[in-house]
Number of protein chains: 2
Amino acid sequence: MAVEQVLVAGEWRNAMAKSTFRVEDPATGVTLEGEFPVSEWQDCEDALNAAAAVARELRAAPAERLADFLDLYAKKIEENAAALVSIANAETGLAASPRLRDVELPRTTTQLRQGAAAAREGSWTQAVIDTKANIRSHYAPIGPVVIFGPNNFPFAFNGISGGDLTAAIATGNPVIAKANPLHAGTSKLLAECAVAALAQVGLPPATLQMIYRTSKEDGLRLVSDSRIGAVSFTGSREAGLRLKAAAESAGNPIYLEMSSLNPVILLPGALAERGEQLAAELADSCLAASGQFCTSPNLILMIAGEAAERLAANLAEILDKRPPAPLLSAGGLKGLDESVHALIDSGAKVVTGAEPAGGCGCRYKNTLLRTTATQFLAQPEGLQREAFGNATMVVTAADIAQLRQVIEALEGNLTGSIYSNLNGEDDAIYAGVAGDLRFKVGRLLNDRMPTGVALSPAMNHGGPYPATGHPGFTSVGIPASLLRFGALHCYDNVRSDRLPAVLRDKSPNAAMWRRIDGAWTRG
Amino acid sequence: MAVEQVLVAGEWRNAMAKSTFRVEDPATGVTLEGEFPVSEWQDCEDALNAAAAVARELRAAPAERLADFLDLYAKKIEENAAALVSIANAETGLAASPRLRDVELPRTTTQLRQGAAAAREGSWTQAVIDTKANIRSHYAPIGPVVIFGPNNFPFAFNGISGGDLTAAIATGNPVIAKANPLHAGTSKLLAECAVAALAQVGLPPATLQMIYRTSKEDGLRLVSDSRIGAVSFTGSREAGLRLKAAAESAGNPIYLEMSSLNPVILLPGALAERGEQLAAELADSCLAASGQFCTSPNLILMIAGEAAERLAANLAEILDKRPPAPLLSAGGLKGLDESVHALIDSGAKVVTGAEPAGGCGCRYKNTLLRTTATQFLAQPEGLQREAFGNATMVVTAADIAQLRQVIEALEGNLTGSIYSNLNGEDDAIYAGVAGDLRFKVGRLLNDRMPTGVALSPAMNHGGPYPATGHPGFTSVGIPASLLRFGALHCYDNVRSDRLPAVLRDKSPNAAMWRRIDGAWTRG
């Protein structure tokens with residue numbers, strides 16, 4: 001069977017490749033059909049040239065056409081849902097239902113449609129008009145966006161279909177997607193839907209390009225190329241930091257989502273009030289997608305005592321009972337085991353699990369580790385290693401003061417959750433704990449697990465370094481996520497008929513919000 | 001006379017210093033009174049600890065108090081205007097009037113008051129409320145901001161009084177200012193005004209700290225310290241890129257304004273219509289502050305021909321007639337001469353000037369260089385070297401196609417100006433030229449020189465790399481400039497009484513704009 005083709009410069013073509021790879025079903029260990037190319041630099045070079053050329057065309061494309069594309073792409077994904085779910089299930093081991101079909105696929109099409117609506121409305125450009133000085137500004141396309149998708153969301157964060165793709169296109173930028181090799185076949189099917197949608201709405205075919213894999217060196221060269229406008233990356237801290245250094249050394253903005261422990265803090269009143277329920281909620285959150293969410297709770301923080309012991313015991317019991325779900329890959333299994341053992345080496349004790357589940361497929365025993373705040377504070381770096389998968393760790397502090405010291409020692413995280421007594425018993429200590437945690441996380445939750453990332457305009461899926469590379473940006477939540485791919489453009493004394501329509505005195509559409517002489521107005 | 005003290009940890013104290021420096025009057029070459037310390041790392045260390053502690057206090061400070069401070073600081077600057085103008089004039093050679101007293105000082109106090117108004121109003125935080133999901137977000141303080149001020153604006157861009165200070169304080173962040181050593185005495189006087197204002201409004205004294213100078217190594221260590229939230233820098237590309245690499249390697253956001261040629265393009269119809277007037281406008285813009293503005297035109301682009309020859313001759317004549325003003329320092333004089341000769345080495349021809357003016361003080365002959373587009377395209381890097389001072393260069397292209405090639409070869413710039421015929425004669429070529437230029441600059445101007453940077457909410461004083469480090473941010477224009485020092489904070493399911501006032505259902509003030517369920521509303 002022929003090697004799969006890459007999507008470069010507006011067509012599916014044979015890759016410039018000297019080697020290939022195949023995808024394995026992580027649930028069974030069986031190698032799947034399809035041989036995918038590892039591209040040489042020439043594929044990147046051609047993609048960069050095509051992206052630079054098409055970026056100029058897209059600047060002139062009406063937002064309506066970008067929106068039409070996003071809507072149509074969503075429709076095509078729905079039409080091909082059965083095939084997409086089937087291959088994504090085989091490639092990732094994620095459940096076909098409800099996860100892939102009923103949750104992630106609708107999330108993906110919703111994102112695309114929200115992006116379409118945002119592009120159509122135009123408010124994301126934040127048009128600001130100073131009529132007296134005749135100075136006007138708004139956000140405009142930043143240039144070609146290179147997207148590295150993660151392994152854990154074959155649809156919703158896929159470089160060719162996810163939130164970053166949605167944001168890049170809605171802002172008028174072409175995309176070069178680096179498909180995640182662990183779901184190469186899913187990415188190919190998605191790209192075929194996208195190509196059909198592009199043709200149907202009349203956008204240039206090179207608006208979207210996709211390659212499956214490159215050498216590490218070529219990946220670094222790609223993100224540091226002057227023809228691109230920005231990079232987005234979701235994945236491991238190690239790879240992210242490497243790309244960050246390369247992109248930034250060339251002056252290219254890069255948006256990263258790298259790692260997060262997502263601490264969950266159970267205050268004493270909450271533990272006393274509903275400890276059993278909290279253990280069940282925690283287990284559900286920690287085991288969702290076998291713990292392979294960027295917002296999976298890796299750290300559960302409590303005051304030591306009988307209630308904490310009970311919660312730990314309850315949680316261990318639930319973890320023991322549930323059969324471990326497959327991880328995304330053999331590499332993921334190995335990485336999880338390494339991380340768990342690194343935590344043990346830093347002083348964590350095993351309550352349950354901490355070894356591969358055996359049998360066929362990439363399964364790891366549901367794992368609970370424990371340590372004390374004293375130990376955590378002695379080895380804060382080692383004990384903040386993210387264990388990506390179905391493992392979590394309880395940390396018990398002697399008192400609130402020590403619990404707050406643990407928070408103070410935390411690196412930047414995407415989320416932080418605080419559970420407190422519903423009748424106000426924890427209120428006296430809440431403010432201090434929340435005040436400490438607030439500046440360590442992008443999203444602060446009350447009485448809710450971090451694993452749901454709602455598609456809300458108020459969402460922040462971001463946070464302080466090293467959870468991301470910049471605490472001012474979010475990768476989820478439209479229109480805010482679009483700002484990552486906008487450059488601020490100012491027009492000073494530019495004649496009216498030469499202005500972009502959105503900056504003329506008269507609004508081009510009734511829905512768009514603009515800030516005119518200090519007041520947000522519509523229409 | 002004793003060595004001047006640094007402002008660290010809430011008090012003026014003797015610096016930890018092994019060496020000192022003095023400031024020279026660049027107009028006369030005379031060494032001024034005052035001996036300033038070169039701080040050892042311990043001063044930075046103490047400042048970092050104090051900043052981290054005070055950042056926590058400031059998070060709880062009401063915006064009203066931040067605003068009161070900025071207003072009062074402006075008032076104190078006005079009260080001390082005579083002394084400030086006198087010392088700034090001595091340290092920089094900039095004219096006491098109109099420049100320092102009538103332009104830059106009022107600009108500085110206006111900025112401070114605009115910052116106060118923005119802090120009071122609160123709209124800059126971009127509060128977004130999703131009532132249905134009970135998810136809310138806004139921009140909150142990013143953490144201590146280290147500001148490196150440039151040499152060319154002793155008030156308006158001074159690390160202790162300028163736009164960056166205004167933005168950092170208005171967003172609730174403490175500041176560590178690295179005073180520019182070329183106007184150390186001015187910075188000291190300003191800091192004294194600030195300290196008095198802080199005390200009067202009851203903000204913690206360590207809200208503002210200032211050191212005069214460090215080793216290069218300590219500067220890099222400072223910006224890469226994990227206790228800070230962000231860095232802002234205005235100055236040379238060389239120093240900026242060094243700081244950028246250090247800050248980013250530690251995950252600290254850094255905002256840079258580094259260098260810009262600010263191309264001015266004179267289309268044929270404009271040249272034919274008002275060539276003489278354009279030569280005069282250009283001369284005024286190029287010689288403003290002796291060419292030491294970040295937006296000074298370094299590159300004048302025209303189609304070759306009789307009209308271009310006439311403009312070049314007219315411009316040279318004006319430059320010859322005007323007496324050269326002093327540059328900011330002996331170092332600046334040396335740097336300008338080096339840059340002019342580097343341009344000559346890359347193929348530029350001297351029309352006039354290109355050597356020191358002789359006599360006492362740091363003066364350089366007003367300088368006009370010329371080259372062709374062919375030569376420019378042969379050595380695009382060498383011929384894009386910024387000559388910071390009273391020098392500019394005319395580039396003539398064979399035709400519009402070649403002129404557009406020159407634009408295409410440009411690096412990122414802060415501004416780009418296009419002059420065109422007022423009766424439409426250039427309209428046929430405008431779109432292509434402007435389309436090319438648009439994505440090379442932060443601010444596109446029509447029929448206006450780039451050297452005025454209005455304090456408008458629609459201003460963008462920013463642009464693509466290497467003019468800055470990120471094309472999405474501006475350092476001038478409130479409230480947009482404040483976003484550099486904001487971290488996005490999301491509240492997910494947080495109980496109402498625990499939310500920041502600006503995110504509760506009821507707005508804390510009638511003036512603030514918030515986006516509630518998709519609509520911007522006030523009050």
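Mentor: Let's begin with a definition: two residues are in contact if their C-beta atoms, placed from the backbone, lie within 7 Å. By that test, 54 residues of chain B are in contact with 54 residues of chain A. This is a predicted model, where local features need pLDDT of at least 70 and side-chain atom pairs count only at pLDDT 80 or more, while totals for chains, interfaces and linings use all residues. Residues are numbered from 1 along each chain as its sequence is written, and chains are lettered from A in the order in which they are written.

Trainee: Which element supplies the largest share of the side of chain B that touches chain A?
Mentor: Strand S19(B) does, with 7 residues. Helices and strands here are DSSP runs numbered from the N terminus (helices are H or I with at least four residues, strands E with at least two).

Trainee: How do the residues on that side of chain B divide?
Mentor: Into 28 nonpolar, 16 polar and 10 charged. Ala, Val, Leu, Ile, Met, Phe, Trp, Tyr, Cys and Pro count as nonpolar, Asp, Glu, Lys and Arg as charged, and the others, Gly among them, as polar.

Trainee: What makes H7(B) oblique to H8(B)?
Mentor: The axes of H7(B), residues 216–223, and H8(B), residues 237–249, come within 7 Å and cross at roughly 40°. Axes are lines fitted to C-alpha atoms, for helices over the stretch in contact, and angles run from 0 to 180 degrees between N-to-C directions. Under 35 degrees is roughly parallel, over 145 roughly antiparallel, 65 to 115 roughly perpendicular and the rest oblique, so H7(B) is oblique to H8(B). Gly219(B), Leu220(B) and Val223(B) of H7(B) make the contact with Arg242(B), Leu243(B), Ala246(B) and Ala247(B) of H8(B). Those residues divide into 5 nonpolar, 1 polar and 1 charged.

Trainee: How many residues of H5(B) are buried?
Mentor: 8 of its 8 residues. Buried means 20 or more other C-beta atoms within 10 Å of a residue's own (exposed is 12 or fewer, partly exposed in between), with C-beta atoms placed from the backbone. Those buried residues pack against H2, H4, S7, S8 and S10 of chain B.
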